[in-house]
Amino acid sequence: MQSQKLIERLAPDREIAEPSYLQVAQKLTQLIDSGEISAGQSLPSERVLAEKLQLSRTTVRRAYDELRARDYLSTHGRAGVAVKAPVRLSPQLGRLKGFTEEMRELGMEPCTRLLERRIVTDRTISSLFERPTTAQFLYLVRLRLGDGTPLSREVAWYDLTAAPDLANWDVEGSIYQYLEDCCDIALIRGEQTIEAVMSFSAEMAVFEFTKPGPCLLMKRKTYSATGQMIEYVEGTFRGDAYAYRVTLNLKPQQP
């Protein structure tokens, strides 16, 4: 897109109450998402764009900062401001696997930040697991990252009645591997739902969103070989990074 044409498309509407910097940021976001501004393309400097739009440099800087916070832009000194290639993951659905394994399949380095860890009793969760109300669960809130990019905020409960050794887990590596190696529990089946949601304040904080954005909410119940439910997890995945793939067959495969 030619620079002058781009600048015309970015002009804010001064008749509405929405701040000019947000209007510019939203217009840029739409152009990037639509592909009209491609990854690697340079954008006008703050000074040039401010002059062309008759805005203050502070306003343009805030618009660019808004996009930097959402990982749309990168700044390279004198090279100026450029559009970053978006993180777009397309994992294959249909097989039970944890986040660590999924990231490695995608060629990314998994990382976890522990946000909260407690041993809890919870009447609602106990009912979900079909356990007595006095049953204890390992409760975890974790931020999951791939190559350093925050991808999901995960809230999970694990049945300590079935896997008491989980109380000693250091929250490093794959919990599925720990269950198999240290608790002698192999998880073999999961039931999962996926729905579209908007991010709440907790997700906005870890994803560094300045306003609510579209996300995917995945709820999964995971079972051992004996049919016992071991895990219940609710993971909120950022919608701008995920596009799941499912293989569909016209007819059932022959055994």
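This is a predicted model: local features need pLDDT of at least 70, side-chain atom pairs count only at pLDDT 80 or more; totals for chains, interfaces and linings use all residues.
The protein has 255 residues, and 42% of them count as buried. Eight helices and nine strands make up its secondary structure elements. Its accessible surface is about 14,200 Å², with 48% of that area belonging to carbon and sulfur atoms. If contacts between residues at least 6 apart in sequence are taken, 57% of them join residues at least 24 apart.

In soluble globular proteins, nonpolar side chains tend to be buried together. Here the largest nonpolar core contains 24 residues, and Leu28, Ile37, Leu43, Tyr64 and Leu73 have the most contacts inside it. At least two residues of this core come from each of helix 1 (3-10), helix 2 (20-33), helix 3 (46-53), helix 4 (57-69) and strand 3 (81-83). Helix 2 gives the most, with seven residues. Leaving aside residues up to four places away in sequence, Leu43 touches Leu6, Leu28, Ile37, Tyr64, Leu73, Val81 and Val83.

Is threonine 29 buried or exposed? Threonine 29 counts as buried because its relative accessibility is 7%, and the cut-off for buried is under 20%. A polar atom of the threonine 29 side chain lies 2.8 Å from the backbone oxygen of alanine 25. Beyond residues up to four places away in sequence, threonine 29 touches Leu67, Arg70 and Tyr72.

Notes:
Residues are numbered from 1 along each chain as its sequence is written. Side-chain values use heavy atoms; hydrogens and water are left out. A nonpolar core is a set of buried Ala, Val, Leu, Ile, Met, Phe, Trp, Tyr and Cys residues joined through side-chain atoms within 4.5 Å. Buried means under 20% relative accessible area, exposed over 50%, partly exposed in between (1.4 Å probe, protein chains only). Helices (H or I, at least four residues) and strands (E, at least two) are DSSP runs, numbered from the N terminus. Contact means heavy atoms within 4.5 Å. A polar contact is a pair of N or O atoms within 3.5 Å; within protein, one must be able to donate a hydrogen and the other to accept it, and residues adjacent in sequence count only if both atoms are side-chain atoms. Accessible areas come from the Shrake-Rupley method with a 1.4 Å probe; for residues, only the protein chains shown count as cover.
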